[in-house]
Amino acid sequence: MNDASDAMCRTGEPVLACDVEAKLRRMSASAIDRLLACEKKELCLKGRATTKPGSLLKSNVPIRTGTDWDEGAPGFVETGTAAHCATATRGQHSVTLDVTDMATTWSEQRACFNKAEKHVFAEAKETRARMPLEIKGTGSDSGSEFINGEMYRYCKRENIL
């Protein structure tokens, strides 16, 4: 087994049969693109954005500039959500919360029922507990799933910039 297979086993991901894994490793990027061309075309979206600015606390949340953090030091993360709604942004759909450390590129993803602040907040706390490093600061887009009272109070209490 290699490092990737070891990591997949540790995290409970499905493990490929040795012959399948060997074939995939030998496959070129262009061969993969050719084989997946039809599927990629069907899944192609035309830039649907589901993030809406949160106005409640915008004036209280500091805006981070490129010089505010030492991104060479672990603990400063970028956070965002990706909606799983195909071409329809109306109604209920799940989202993935992504938290990535800028220095180490360690990344954690968590599924959320939707973008309601209670779901994103619960998964953000769970992600923090799973990260192998202390989160010192976080940056996100200005969506209401991040710019809200609960998240603001939590970051202030936990001394997260």
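Predicted model: local features only at pLDDT ≥ 70, side-chain atom pairs only at ≥ 80, totals over all residues.
Me: How many bridges pair strand 1 with strand 2, and in which sense?
Reply: Strand 1 covers residues 76–83, and strand 2 covers residues 95–101. Within this pairing, threonine 79 has valine 99 of strand 2 as its bridge partner. The two strands pair in the antiparallel sense, and the number of bridges is 7.

Me: Is strand 2 largely enclosed or open, and how many of its residues are buried?
Reply: Strand 2 pairs with strand 1 over 7 bridges and with strand 3 over 6 bridges. A residue counts as buried when its relative accessible area is under 20%. Strand 2 is largely enclosed by the rest of the structure, because its buried residues number 5 of 7.

Me: Which residue in the turn between strand 2 and strand 3 has a positive phi?
Reply: Strand 2 and strand 3 pair in the antiparallel sense, and threonine 96 stands opposite alanine 111 in strand 3. The two strands form a hairpin with 5 residues between them. In that turn, a positive phi of about 65° belongs to threonine 105.

Me: Is threonine 79 buried or exposed, and what is its relative accessible area?
Reply: Threonine 79 is placed in strand 1. Leaving aside neighbours within four places in sequence, its contacts include Leu97, Asp98, Val99 and Phe146. With a limit of under 20% for buried residues, threonine 79 is buried, and its relative accessible area is 13%.

Me: Which side chain makes a polar contact with the side chain of threonine 79?
Reply: Among the residues in contact with threonine 79 are Thr138, Gly139, Ser140 and Asp141. One of these is joined to threonine 79 by a side-chain polar contact of 2.9 Å. That partner is threonine 138.

Me: Why does the salt bridge between glutamate 108 and arginine 130 tie together separate parts, and how many residues apart in sequence are they?
Reply: The closest N and O atoms of glutamate 108 and arginine 130 are 3.2 Å apart in this salt bridge. Glutamate 108 lies in strand 3 and arginine 130 in helix 4, so the pair ties together parts whose separation in sequence is 22 residues.

Me: Which residue forms a salt bridge with arginine 110?
Reply: Side chains of opposite charge can pair when their charged atoms come close. In this salt bridge, the closest N and O atoms are 2.8 Å apart. Arginine 110 lies in strand 3 and its partner in helix 4, so the pair ties together parts that are 13 residues apart in sequence. Both residues are buried, and the partner of arginine 110 is glutamate 123.

Me: Which residue forms a salt bridge with lysine 115?
Reply: Lysine 115 is found in the loop between strand 3 (107–112) and helix 4 (117–130). The closest N and O atoms in its salt bridge are 3.4 Å apart. The partner lies in the loop between strand 4 (137–140) and helix 5 (149–157), so the pair ties together parts that are 30 residues apart in sequence. This partner is glutamate 145.

Me: What is the relative accessible area of glutamate 145?
Reply: Glutamate 145 makes a polar contact with lysine 115 through their side chains. Lysine 115 counts as buried at 18% relative accessibility. Glutamate 145 is also buried, with a relative accessible area of 2%.

Methods. Residues numbered from 1 in each chain as written. Heavy atoms only, no water. Helix = DSSP H or I, 4+ residues; strand = E, 2+ residues; numbered from the N terminus. Polar contact = N/O pair within 3.5 Å; in protein donor to acceptor, adjacent residues only side chain to side chain. Buried < 20%, exposed > 50% of the residue type's maximum accessible area, 1.4 Å probe, protein only. Pairing = 2+ DSSP bridges. Contact = heavy atoms within 4.5 Å. Salt bridge = Lys/Arg side-chain N within 4 Å of Asp/Glu carboxyl O.
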